[in-house]
Amino acid sequence: MSSARSMVIVCTIGIASSLLFARAHPFGDAGLYAQSHSGSILQHTDIPPDARETLLTKCADCHSTQTRSPLYGRFAPVSWLMERDIVEAREAMNLSRWDSYSAEEQQAFKTKILLETKSHHMPLPQYRVIHWNTRITERDINVLTQWARQSQSISVSQAASVTTEGDAARGKDVFERRCTGCHSLDQNREGPRLNGVFGRVSGSVSDFGYSTVIKQAHITWNETTLEKWLTDPDALVPGNNMEFRVAKPQERKDLVRFLEVSN
Ligand code: HEC
Ligand code: HEC
C-alpha cells in the first residue's frame with residue numbers, strides 16, 4: 001500500500017470518528033444541528049437598533065438559541081467545548097427569551113452586560129480568537145451605556161409613589177436581585193461589602209479600592225443619605241464608581257430598611 005493511500009485512509013477514519021463523536025455531548029447538548037435558525041431575536045423589544053446590532057453580532061452566538069455554528073464546530077472535540085460555553089451562556093442570559101424576563105430582570109441584565117463588556121470579559125476570549133471582529137469597541141460601550149441609561153430614566157419617571165414604610169424582607173429580595181451582581185454583605189466584589197454599612201462613614205472599608213471622591217465625601221450612611229445615594233449616586237457624590245440606580249421609591253425604602261436591620 002502506498003503511503004499516500006494510507007494517509008488518505010487514516011484521515012478518513014479520523015474525520016469520520018470526529019463526526020461520530022460530535023454526536024455525543026459530554027458537556028450538554030446545545031441542539032446546534034437540530035434547529036433551523038430562522039426568525040429573528042430581540043426584534044419586538046424596545047432595544048435601540050444599534051444596541052441590538054451589537055448584541056446580535058457579538059453575543060447571540062452563545063447567548064441565544066440562534067447560534068451560527070461554523071463548519072469546524074461539527075467536529076469533536078471542538079464541538080464539545082463550544083457546546084459547553086453555549087449551554088452555560090444560555091443559562092446565564094438567553095437573548096431569545098428577552099421578552100419573558102421581568103422589567104427588573106432586564107434592568108439587572110443591562111447592568112451586567114455593561115460590566116461584562118466594559119471589562120472585556122465578554123465575548124469570551126476563545127470566541128474572539130476565531131471571530132476576530134467581535135472585540136468590544138468604544139462605540140459598542142457607548143451604545144450599550146446609552147441603552148442602559150435611557151431605560152433607567154424612563155422608569156424613574158414612571159416610578160410609583162411610596163405607599164408604605166420600608167419592609168426589610170422585601171428589601172432583602174430586592175438586594176438579591178439587584179445588588180448582588182456587584183455587592184455581597186460579607187465580601188468585597190465589584191463594590192465594597194455592605195455588612196454594617198448603615199451608620200458607617202462612606203468609603204471606609206479599608207481593603208476595598210474606592211474612588212477618591214467617595215473616600216473624601218465623609219458621608220455617614222443613614223436613611224436620608226442612602227435614599228439619595230440609591231436614587232442617583234452621581235448626584236450625591238459626582239464621579240464615584242457605582243453605576244447603578246434604583247428607580248422605584250418603594251424599593252429604595254425597602255432596601256434601606258434591609259441594610260439597617262442586617263447590620
Ligand atoms: C463564546 C460564547 C460567549 C459569547 C460570544 C458571549 N458570552 Fe457571555 N457568557 C458566556 C458564558 C459561558 C457565560 C457563563 C459563565 C461566565 O459567567 O463566565 C456567560 C455569561 C454572561 C453574563 C452573565 C454574567 C453573570 O455574572 O451572571 C453576561 C451578562 C454576559 N455573558 C454578557 C455577554 C455579552 C454582552 C456578550 C456580547 C458582547 C457575550 N456575553 C458574549 C459565553 C459567551
Ligand atoms: C454595577 C455595580 C454595582 C451595583 C449593581 C450596585 N453597586 Fe453599590 N457600589 C458599587 C461600587 C463600585 C461602589 C464603590 C463606589 C466608589 O468607590 O466610588 C459602590 C458603593 C456602594 C455603597 C457605599 C458603600 C461604602 O462603603 O461607602 C453603598 C451603600 C452601595 N453601593 C449600595 C448598593 C445597593 C443597595 C445596591 C443595589 C440596589 C448597589 N449598591 C448596587 C457598585 C455597584
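## The iron in ligand 1

In this predicted model, H63 (NE2) and M122 (SD) coordinate the iron atom of ligand 1, at 2.0 to 2.3 Å. H63 sits in the loop between helix 2 (49–58) and helix 3 (78–92), while M122 belongs to the loop between helix 4 (103–118) and helix 5 (125–130), so the pair ties together parts that are 59 residues apart in sequence.

What is the arrangement around the iron atom? The 6 donor atoms subtend angles of 85 to 177°, which makes the arrangement octahedral. For reference, the ideal angles for six octahedral donors are 90 or 180 degrees.

M122 comes out at 27%, so it counts as partly exposed.

## Around ligand 2

On to the other ligand. There are 27 residues around ligand 2, and the ones that come nearest are C179, C182, H183, S211 and M242. One of these, S211, has a polar side-chain atom 2.6 Å from an oxygen atom of ligand 2.

N241 contributes through its backbone: one of its backbone N or O atoms lies 2.8 Å from an oxygen atom of ligand 2. With W229, it's a side-chain N or O atom that is 3.5 Å from a nitrogen atom of ligand 2.

## Cysteines

How many disulfides are there? The count comes to 0, with a pair of cysteine sulfur atoms needing to be within 2.5 Å.

C62 has a relative accessible area of 18%, so it counts as buried, the limit being under 20%. C182, one of the residues that come nearest to ligand 2, is at 21% relative accessibility and therefore counts as partly exposed.

## Aromatic rings

The structure holds 7 aromatic pairs. In one of them, the ring centres of W98 and Y101 are 6.1 Å apart and the planes meet at 85°, so the pair is edge-to-face. The cut-off for that label is over 60 degrees.

Both partners are buried: W98 has 2% relative accessibility, and Y101 has 9%. Their surroundings include other rings too, as ring pairs link W98, Y101, F109 and W147 into a cluster.

Notes. Residues numbered from 1 in each chain as written. Chains lettered and ligands numbered in written order. Predicted model: local features only at pLDDT ≥ 70, side-chain atom pairs only at ≥ 80, totals over all residues. Heavy atoms only, no water. Buried < 20%, exposed > 50% of the residue type's maximum accessible area, 1.4 Å probe, protein only. Donors = N, O, S within 2.8 Å, 3.2 Å for Na, K, Ca; no water. Tetrahedral: all angles 85-135°; square planar, octahedral: opposite > 155°, others 65-115°. Helix = DSSP H or I, 4+ residues; strand = E, 2+ residues; numbered from the N terminus. Near = heavy atom within 4 Å. Polar contact = N/O pair within 3.5 Å; in protein donor to acceptor, adjacent residues only side chain to side chain. Phe/Tyr/Trp six-rings, centres within 6.5 Å; stacked < 30°, edge-to-face > 60°.
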